[in-house]
Amino acid sequence: EASSSGVADFCAISVLKLFREEDDDRSGHFFLDAAQVSFDASTAHKFLRLTEENKKVTNTTPWQHPYPNVPERFENHRQVLAAESFYVGRHYFEVDVSGDGTHVGVTYKSIDRKGDESSSCITGNNFSWCLQWNGRTYSAWHSDEETPLNVERFTRIGVYVDYSQGLLSFYGVDNTITLLHQYQAQFLEPLYPAFFLPKKDNIVVLVAPGEPLPHSGLLNSISASLLLGCQ
């Protein structure tokens, strides 16, 4: 017999799925293609603090952290990679983002960790793709080329990779899923989720797709009403 908490969890997930539907025919794959992602502590810049079992990263400038000096660590650009990579097939992850200037994207493992030139940043080479909120609007970055996007702000971003098809999509996640920008490319190496937090108090939190959105009062109240009906 299912427990009451199990029924509640099922209903909560069902409610979230209901509110995440959209016209884009790929949206049905998001939950099926959800990837388990965590930050790789060995890559984190010394101004980036990892907490919550390597699921949250915060820029703590000017406070440095006594990380060991290893070849994998970013030395100049305040970046961190995920421990996991995407290769073949479809993959999807979500992050909660706060702070102007925060970048979310993917890159190759071969990105330079010690240089200070633009090619060592996920905005400035031809094997990295990312999305940035600059305080006014979003921009997409690839090969040091900025593409301004006329879209509203979202606190949660979804990243969808169809590796075999060479497709990378960035989504704004609210009560629906909104396509913000899309790249078509030929991926030649595994893709690592990558994050650039250039300013103090920039924060990125890796979340499981389907987790309640921060400050989603309307969704939570509707979810609660529907959960009552599930009891």
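Q: Quick one to start: is Gln79 buried or exposed?
A: Gln79 counts as buried, because its relative accessibility is 1%. Buried means under 20% relative accessible area, exposed means over 50%, and partly exposed is in between (1.4 Å probe, protein chains only).

Q: Where does this model come from, and how is it numbered?
A: It's a predicted model, where local features need pLDDT of at least 70, side-chain atom pairs count only at pLDDT 80 or more, and totals for chains, interfaces and linings use all residues. Residues are numbered from 1 along each chain as its sequence is written, and side-chain values use heavy atoms, with hydrogens and water left out.

Q: OK, back to Gln79. Which strand is it in?
A: Gln79 sits in strand S3, residues 79-81. Strands are DSSP runs of E with at least two residues, helices are runs of H or I with at least four, and the numbering starts from the N terminus.

Q: What does the Gln79 side chain reach?
A: Two backbone atoms. One is the oxygen of Ser120, at 3.1 Å, and the other is the nitrogen of Ile122, at 2.9 Å.

Q: And which residues does Gln79 touch?
A: If you skip residues up to four places away in sequence, Gln79 touches Thr43, Ala44, His45, Leu48, Phe74, Ile111, Ser120, Cys121, Ile122, Phe195 and Phe196. Contact here means heavy atoms within 4.5 Å.

Q: Phe74 is on that list. Where is it?
A: Phe74 is in the loop between strand S2 (56-59) and S3.

Q: Why does Phe74 count as buried?
A: Because its relative accessibility is 2%.

Q: Which residues is Phe74 in contact with?
A: Its contacts, leaving aside neighbours within four places in sequence, are Thr43, His45, Gln79, Val80, Leu81, Ile111, Asp112, Arg113 and Ser120.

Q: How many residues apart in sequence are Phe74 and Asp116?
A: They're 42 residues apart in sequence, and 9.7 Å apart in space, going C-alpha to C-alpha.

Q: Switching topic. How many residues are in the largest nonpolar core?
A: That core has 47 residues. The ones with the most contacts inside it are Phe93, Val95, Ile157, Leu168, Leu191 and Phe195. Strand S6 (residues 128-133) gives the largest share, four residues. A nonpolar core is a set of buried Ala, Val, Leu, Ile, Met, Phe, Trp, Tyr and Cys residues joined through side-chain atoms within 4.5 Å.

Q: Where do nonpolar side chains tend to be in soluble globular proteins?
A: They tend to be buried together.

Q: Which residues are in a second, separate core?
A: The second core is made of seven residues, including Tyr160, Val173, Ile177 and Leu213.

Q: Now the whole chain. How many helices and strands are there?
A: The protein chain has two helices and 13 strands.

Q: What percentage of the residues is buried?
A: Of the 231 residues in the protein chain, 48% are buried.

Q: Last one: what share of the contacts joins residues at least 24 apart?
A: Take the contacts between residues at least 6 apart in sequence, and 65% of them join residues at least 24 apart.

Technical notes. A polar contact is a pair of N or O atoms within 3.5 Å; within protein, one must be able to donate a hydrogen and the other to accept it, and residues adjacent in sequence count only if both atoms are side-chain atoms.
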